[in-house]
Amino acid sequence: MSFVLVQVIVGGLLLGAVYALFSSGLTLVWGMMNIVNFAHGDFVMLGMYVAYVVYTLMGGGPILGAPLATLVLATLGVIVYFGLIRDIMKGPMLAQILGTFGLALLLRYSVFWWFGANFLSMPQDIVGGTFAVAGLRIEASRLLAGVVALLVTFGLHLLLTRTSLGSKMLAVAEDATAAQLMGIRPDTMQAIAWAIAAGATGLAGALIANFFYIVPTVGETLAIVAFVTVSLGGFGSVPGALVAGLLIGVIESLSGYLIGAVYKDIVVYVLFLFFLWFRPQGLMGKM
Amino acid sequence: MRRLLWLSVVAAVAIAYPLLLSSPFQQRLGALVLLYAIAASAWNIVGGYAGQISVGHVVFFGCGAYAAMGAYAKFGLSPLFGIPGGIVLAAGLAAVIGVPTLRLSGHYFSMATIAVAETMRLIVTNTDYLGAAVGLSGPTVPRNIFDLSFLSSLPYYYLFLVILAITLLITWWMANSRMGFYLRAIKDSERAARSLGAPASRTKLYAFMLSAALTSVAGALYAMMFGFVDPESGLGILISVKILIMAALGGAGLLFGPLVGAAILVPLEEISNSWLGGKGAGLTFVVYGAIIVLIARFQPGGILSLFKRRAKPNVDKGAGHAP
């Protein structure tokens, strides 16, 4: 294999880990409440802007920006749950889709209105330049993003499968009424799920803000990436999202390198439609 | 009887409007209201009546717009000749999206439509044959009447009015046909409808294809009026948003819902644009987003459903007094 190709694949894996992180938030909410959050990509966008504001106002790097973005978005997640989701969950499909889709517009164009449509970016060396490992040139910001995202996604999986909180959440996902009879509050569990899901997007946003272009409409692309990841990994499955996220990261950077940068999104979208056609339950999911 | 009276009042107002309010701005506004009402009514067939929320409907709008402009730019024909091509293209694309996704839960359908719309926008933006980012233009100077290129908005107004009437007639006919009853049953409970023998997937697919075909006509008309189409105006997500919000605000699944929504939102946007200028663009969509969230949260049936609920007790009272 050529050397450049290895470089491209490593880059794809690192970005894919971040895709996995924010997609696991989408898959958690989808699997637990059967709600697709169309504003998910815009949550990531908000995380990017929080990191940007932290940098411009306080000069803080990701050490300050990432926890703050996580916190801000987790709070937003809880507010959105109690203010909107809890009510539209019981409503017709029209209300569910319109509700989160409207939220996406509200967030996207509020940011657009405030910050303008210009592409913003962080300084190149905010995390610490580029270094070489075994001949591979790796940007520190991408390495940091990939490693943190990988660890947090894995931690999220452990949280859901190995802790009592995770068991309670799964119980609510399985049957909210039965869980309530066992003394678990569905409302609280679902609010926690939204806090986790939105917090994950905030962290992911702050991590990619260091090397991605920051623009209000970036959420649209990221939302579709999350849809692809979730439909590939099977909805409700965090390990599925992890594998699918890494895979999509690699596919995207390979097609960007082999076919051309403008076509990398097209390849991912077409992959999504292909999966909807032939395997809507995803690679690992069950219907 | 009362419905007929209302209908003739609305029709009379619609016909008289551009003659009573005859400034170019007002005529253009009227034409735009009708144009968006056509697109939103077309969306209503699949989004309102069939209950499948398409959030990428602009892709069909774009099929029509590009077919109309393509007919002129590539073959030197009147844009009118592009309309049948746009219809076929849109209905075919709807089948490609609909066949796999309409079997699944409604979320998949919504996600697929948005992905298709974005894919198309990206492909067209990178296709030189379709003018890439610049787009295609229509005839700059009309060669004859069939080019449908007018300086005044008045001819467009009446053209759009006729097409809107046809669209609403088709919707009304569909809602009261066997297909409409199937759709209502499917929307209430797909499982129950299926178990009683209603062909759910097929009926939804037909509704989607019909909706796509009518939306492409709206797209073609739009391109003719503005004389050009580019990836943003023909395939941008914001057109989808406008179509969807007008139908939802007025009342999804109600015949005149989209018209009411368009009559409220188009003037709102035009006025806010002329007041705020370029800075208003972002703000308009902040307001749109807020409106959508509020509808979803408090009144998923839209404005017209408000009147419906109020009207009911009166009808009952009236029946009680009848001899």
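The model is predicted: local features need pLDDT of at least 70, side-chain atom pairs count only at pLDDT 80 or more, and totals for chains, interfaces and linings use all residues. Residues are numbered from 1 along each chain as its sequence is written, and chains are lettered from A in the order in which they are written.

**Chain B overall**

Chain B has 14 helices and two strands. These are DSSP runs, numbered from the N terminus: helices are H or I with at least four residues, strands are E with at least two. The C-alpha atoms of chain B fill a box of roughly 65 × 50 × 40 Å along the principal axes.

**Two helices in chain B**

Helix α2(B), residues 24-49, packs against helix α11(B), residues 237-250. The angle is about 75° and the axes lie 8 Å apart. Axes are lines fitted to C-alpha atoms over the stretch in contact, and angles run from 0 to 180 degrees between N-to-C directions. So α2(B) is roughly perpendicular to α11(B), a label for angles of 65 to 115 degrees. Among the residues that meet are Trp43(B) in α2(B) and Leu244(B) in α11(B).

**Where the chains meet**

In all, 34 residues of chain A are in contact with 37 residues of chain B. Contact means C-beta atoms, placed from the backbone, within 7 Å. Helix α4(A) gives the largest share of chain A's side, 15 residues.

| Helix of chain A | Residues |
|---|---|
| α3(A) | 62-88 |
| α4(A) | 93-115 |
| α9(A) | 218-233 |
| α11(A) | 264-278 |

Key: Two residues are in contact if their C-beta atoms, placed from the backbone, lie within 7 Å. Angles under 35 degrees count as roughly parallel, over 145 as roughly antiparallel, 65 to 115 as roughly perpendicular and the rest as oblique.
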